[in-house]
Each structure stands twice: as structure tokens, then as C-alpha cells.
Amino acid sequence: MGFFSSLFGPKEAPAPAAQPFPTESLPANGVYANMFKIDEAFQIAPKATEVGIKRAKLYKDRIVVRGPVTAGAFSQNDAVVLFVNGSPMLVPILDVMKCGDMDFASELAANMHKHTIEAGVTAWIILDITTLPVVGTTIGKF
């Protein structure tokens, strides 16, 4: 590898920051103070020309979930509990956006949204994972 290719070559997106979460710490009744139900999940890889270089690298191959906030609120940089491949994981939220008149790609590119969503709102949450969660599951925050 040459000097310039090592400086300007393709950079990999940072590894997901999800961590295993102890099962004994989960609420016995499955009810969290803040809850979000997944209606849709998909992976994204936005282009730097659409969202900027920094955000494109951060969001590369990450998962977006769409659904209603059924209780509480969620904000950018919160950590949430989510079952991935049958195991509870503590997953950082990269960003949250209220679902509005625009589609997800347009909303992400506009970057003109508040970074908090509250109960009663349908929203998109960008999670720092690369594995698709099961549609219909709940995301919880203590």
C-alpha cells in the first residue's frame, strides 16, 4: 500500500457500538418507561453528497427502524435495549426523526429535524447496529 492510498484510500465505517445486556436487568413484565414498537426495519448507506462525509461514514450500513413511540421519549445518543438474534443488546441511538411528509432519505438529507421524539409520534430511529431486528418487537429505554 502506497503512502497516498493509505491516506486517501477507502475508510471503513466504525464498528457498531452495541453491547450485550444482562437478561436479569430486563423488566419482568416487559414494560419500559420509554417504549417504541418496530413496524419497519431497513439498512442504509447514504452517500456523502446527500448527508455529508462525516454522517455518511457514521450511518454506513446502520439500521433504521420506523414505528410509534408508545411511551416516554427517545433522543439522539440515548442507549436502548433491543433484542437482536434473540439476545438483549444495549444499542446507541445515532439519530431520531419524526415521520413527516417527506420520505426517510429526504428527511435525512434535510437534517432540519429535532433530535428528540415523544409518545404519540411515529418516527424513524437510526440504531448503531448492522443486524436487522425483528419487525413487531419493542425497543425500550430505562
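Is Asp128 buried or exposed? At 8% relative accessibility, Asp128 counts as buried, where buried means under 20% relative accessible area, exposed over 50% and partly exposed in between, with a 1.4 Å probe and protein chains only. The model is predicted, and local features need pLDDT of at least 70, side-chain atom pairs count only at pLDDT 80 or more, and totals for chains, interfaces and linings use all residues. Residues are numbered from 1 along each chain as its sequence is written, and side-chain values use heavy atoms, with hydrogens and water left out.

The structure holds two salt bridges, a salt bridge being a side-chain nitrogen of Lys or Arg within 4 Å of a carboxyl oxygen of Asp or Glu. One of them joins the side chains of Asp128 and Arg62, at 2.7 Å from N to O. Asp128 lies in the loop between strand S9 (122-127) and strand S10 (138-141) and Arg62 in strand S4 (residues 62-71), so the pair ties together parts that are 66 residues apart in sequence. Helices (H or I, at least four residues) and strands (E, at least two) are DSSP runs, numbered from the N terminus. Arg62 is buried, at 2% relative accessibility.

A salt bridge is also formed by Lys141 with Asp78, and the closest N and O atoms are 2.8 Å apart. Because Lys141 lies in strand S10 and Asp78 in the loop between strand S5 (73-75) and strand S6 (79-84), this pair ties together parts that are 63 residues apart in sequence. Lys141 is buried, with a relative accessible area of 16%, and Asp78 counts as buried at 18% relative accessibility.

Lys141 is also in contact with Ala33, as are Ala71 and Gly72, when neighbours of Ala33 within four places in sequence are left aside; contact means heavy atoms within 4.5 Å. Ala33 lies in the loop between strand S1 (19-20) and strand S2 (34-37) and counts as exposed at 56% relative accessibility. The C-alpha atoms of Ala33 and Thr70 are separated by 9.8 Å, the two residues being 37 residues apart along the chain.

Asp95, in strand S7 (residues 87-98), is buried yet has no salt bridge, and the nearest side chain of opposite charge, Arg55, is 4.3 Å away. The side chain of Asp95 makes a polar contact with the side chain of His115 at 2.8 Å. A polar contact is a pair of N or O atoms within 3.5 Å; within protein, one must be able to donate a hydrogen and the other to accept it, and residues adjacent in sequence count only if both atoms are side-chain atoms. Not counting residues up to four places away in sequence, Asp95 touches Arg55, Tyr59, Gln76, His113, His115, Trp124, Ile125 and Ile126.

Glu107 is found in helix H4. Glu107 is likewise buried without a salt bridge, and Arg55, the nearest side chain of opposite charge, is 9.1 Å away. With residues up to four places away in sequence not counted, Glu107 touches Met97, Lys98, Met102, His113 and Trp124.

Met97, Lys98 and His113 are among the residues that line the largest pocket, together with Lys114, Thr116, Ile117, Glu118 and Val121. About 160 Å³ of space lies in this pocket. On a 1 Å grid over the protein atoms alone, a pocket is an open set of points with protein on both sides within 12 Å along at least five of seven lines, and lining residues have an atom within 4 Å of a point. Grid points are joined across faces, edges and corners, and a volume is the space filled by probe spheres set on the points. S7 and strand S8 (116-118) each supply at least two residues of the lining, and S8 gives the most, with three.

The loop between helix H4 (104-110) and S8 holds Met112, which counts as exposed at 73% relative accessibility. Asn111 is in the loop between H4 and S8 and is partly exposed, with a relative accessible area of 35%. Phi of Asn111 is positive, near 50°. Most residues other than glycine have a negative phi. Asn85, in the loop between S6 and S7, has a positive phi of about 55° although it is not a glycine, and counts as exposed at 69% relative accessibility.

How values were computed:
Lys and Arg count as positive and Asp and Glu as negative; His and the chain ends are not counted. On a 1 Å grid over the protein atoms alone, a cavity is a set of points where a 1.4 Å probe fits but cannot get out, and a pocket is an open set with protein on both sides within 12 Å along at least five of seven lines; lining residues have an atom within 4 Å of a point.
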